[in-house]
Protein chains: 2
Amino acid sequence: MDDLELIERRPQFDIAKGFQVHASPVGCANCMQRTHCLPSKFNAQELGAVDEAVEVRKTIKRGMSLFRNGEPFVALYAVRTGFFKTIVTSSDGRDQVTGFHMAGEILGLDGFMSDQHHCEAIALEDAEICMISPAQLEADQAVARQFQKHVYHLMSSEIMREQSIMLLLGHMRAEERVAAFLNNLVKRLHARGYSRSELVLRMTRDEIGSYLGLKLETVSRVFSKLCSEGVLDVNVRKVRILNQGALLQYAS
Amino acid sequence: MDDLELIERRPQFDIAKGFQVHASPVGCANCMQRTHCLPSKFNAQELGAVDEAVEVRKTIKRGMSLFRNGEPFVALYAVRTGFFKTIVTSSDGRDQVTGFHMAGEILGLDGFMSDQHHCEAIALEDAEICMISPAQLEADQAVARQFQKHVYHLMSSEIMREQSIMLLLGHMRAEERVAAFLNNLVKRLHARGYSRSELVLRMTRDEIGSYLGLKLETVSRVFSKLCSEGVLDVNVRKVRILNQGALLQYAS
DNA sequence: CGGAACATTGAGAGGGATCAATGGACGTGG
DNA sequence: CCACGTCCATTGATCCCTCTCAATGTTCCG
């Protein structure tokens, strides 16, 4: 397994197939994601320090892991391009998708305080990420304070996000879950300049199902049903929302 | 509604029925929970500063809220005695129990970084809590550093806890959920000196169901089934675990 | 072109929800 | 101290949503 070998070589960050490391070709100040990403929280002056803490940019091939359960924490990761899923694995081997992550979002927080990752992040398509080294960020006193504040904020958001998923998993029916999923996805995409009504799913039906606590067939059936009701226009991975209001109704 | 009136008066912490405030009668150094509670993370020297930050102890009557969704964050709360549940409420009014909390556990972290609570904590029986004021804790530099470290740790644990619930809600069958619930509960109780095989449930079947994503009748039926199989001996709220191994098997 | 991975759809089964009735525990007030 | 009401738990009967199993279709890529 090329993947495994790759994974085990970290945290040295060797240049290897599917896991290219190179010096920063783009500073945060020029990055397309700067308005959504962590650096947006810093002022122009502090940005220099942030830029220095962002040591390298990496490209991750589709299907590869950014980090895995049990690995030592070495950095936070900001998604530059591409799409990730995070999964947790139960003691008996079943695993569950706990989130999907797009450009500008920060991965790896779960390892930040325990120095060890407790989930696995896998690229759903070829992706680029920035590695943010907390140690270096905290060299500057003012930046450190600002950084900590935003790590708190990110963790707080993560807890709230998970609570809303718990609510979804505990109380919603299949249609509601899928509708909530689509609404959330399209909202985040729209914040990044994408259409409010059209999206391309980067994940399989199985992955959506795992995230929503449903079987892949059920996810497929719900798509078909919402299609037949004129709420959606689904063509495999391409989804068009025809009736925004109705979709919001479903998600209640 | 006495409850509502009470709630609205906070955070002034008036003395009122069911919500008694009084000066610390017991220091952390002498508290029965000190080995499980947050203060256990500090050395003897720092403990003085912690004790000062624990401004008041309060008693909370059964059914009363410690804090509610949307309320400003004023302090962290350490459970001294009694039992709490935390609930989140969805936009359409449905709510879900997100956790049960016993002596020594810290409540209110969800409001720590956003300065506002995003869930509600309700006492399941008459309870006592300690209010920990972060502002005062952070007066001392060394204590502040130590405190921050442990807040990170607590939040990390909270994220992991929620992920395991997501796994439960997403993939487990009713019996597995109930078994996992009991195992977790008895483990935490045992860490506090209680029996490894006997426990008294402080919550209703409905609350267990909400936590596990099941209806109360289903919870009741699972208890009955495990009873008939000789795994448990259930007498309403009193549960005896007759076959520890089998229960662990169920929770897989 | 062929194979692998993924999606769709159908038929049938089953687990949990729902509806409903009963019973026990507890607290309050007569 | 008992009667009563309330809250909670148990159990049964039935329904239905989702899972499971299975076959077919589509897309993508070597």
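1. In chain B, strand β5 (residues 84-89) and strand β8 (residues 120-123) run antiparallel and are joined by four bridges. K85(B) is the residue that stands opposite I122(B) of β8(B). The coordinates belong to a predicted model, which applies to every point below.

2. The β5-β8 pair sits within an open sheet of four strands in chain B, ordered β3-β8-β5-β6 and paired antiparallel. β3 (65-67) and β6 of chain B are the edge strands, each pairing on one side only. On average, neighbouring strands of the sheet are turned by 30° against each other, direction ignored. As background, the strands of a sheet pair through backbone hydrogen bonds, in either a parallel or an antiparallel way.

3. Helix α4 (residues 141-171) of chain A lies across β5 and β6 of chain B, and the helix runs at about 115° to β6(B).

4. The contact between the chains takes 28 residues from chain A and 28 residues from chain B. On the chain B side, β6 (95-101) and α4 (141-171) each supply at least two residues. The element that gives the most to this side is α4(B), with 15 residues. By class, the side of chain B that touches chain A divides into 11 nonpolar, 12 polar and five charged residues.

5. How is chain B superposed on chain A? A rotation of 180° with 0.0 Å of shift along its axis does this, at an RMSD of 0.0 Å. The two copies are therefore related as by a two-fold rotation axis. The contact agrees with this: the same surface serves both copies, and 100% of the contact residues of chain B recur in chain A.

6. The surface near DNA strand D draws on both chains. There are 19 residues around DNA strand D, and those that come nearest are R173(A), T218(A), T204(B), S220(B) and S224(B). The elements that give two or more residues to this surface are α7 (216-228) of chain A, and α6 (205-212) and α7 (216-228) of chain B.

7. Which element gives the most to the surface near DNA strand D? That element is α7(B), with six residues. By class, the surface near DNA strand D has eight charged, seven nonpolar and four polar residues.

Notes:
Residues are numbered from 1 along each chain as its sequence is written. Chains are lettered from A and ligands numbered from 1 in the order in which they are written. This is a predicted model: local features need pLDDT of at least 70, side-chain atom pairs count only at pLDDT 80 or more; totals for chains, interfaces and linings use all residues. Two residues are in contact if their C-beta atoms, placed from the backbone, lie within 7 Å. Ala, Val, Leu, Ile, Met, Phe, Trp, Tyr, Cys and Pro count as nonpolar, Asp, Glu, Lys and Arg as charged, and the others, Gly among them, as polar. Two strands pair if DSSP finds at least two bridges between them. Axes are lines fitted to C-alpha atoms, for helices over the stretch in contact, and angles run from 0 to 180 degrees between N-to-C directions. A residue is near a molecule or strand if its C-beta atom, placed from the backbone, lies within 6 Å of it. Copies are superposed by least squares on the C-alpha atoms of residues with pLDDT of at least 70 in both.
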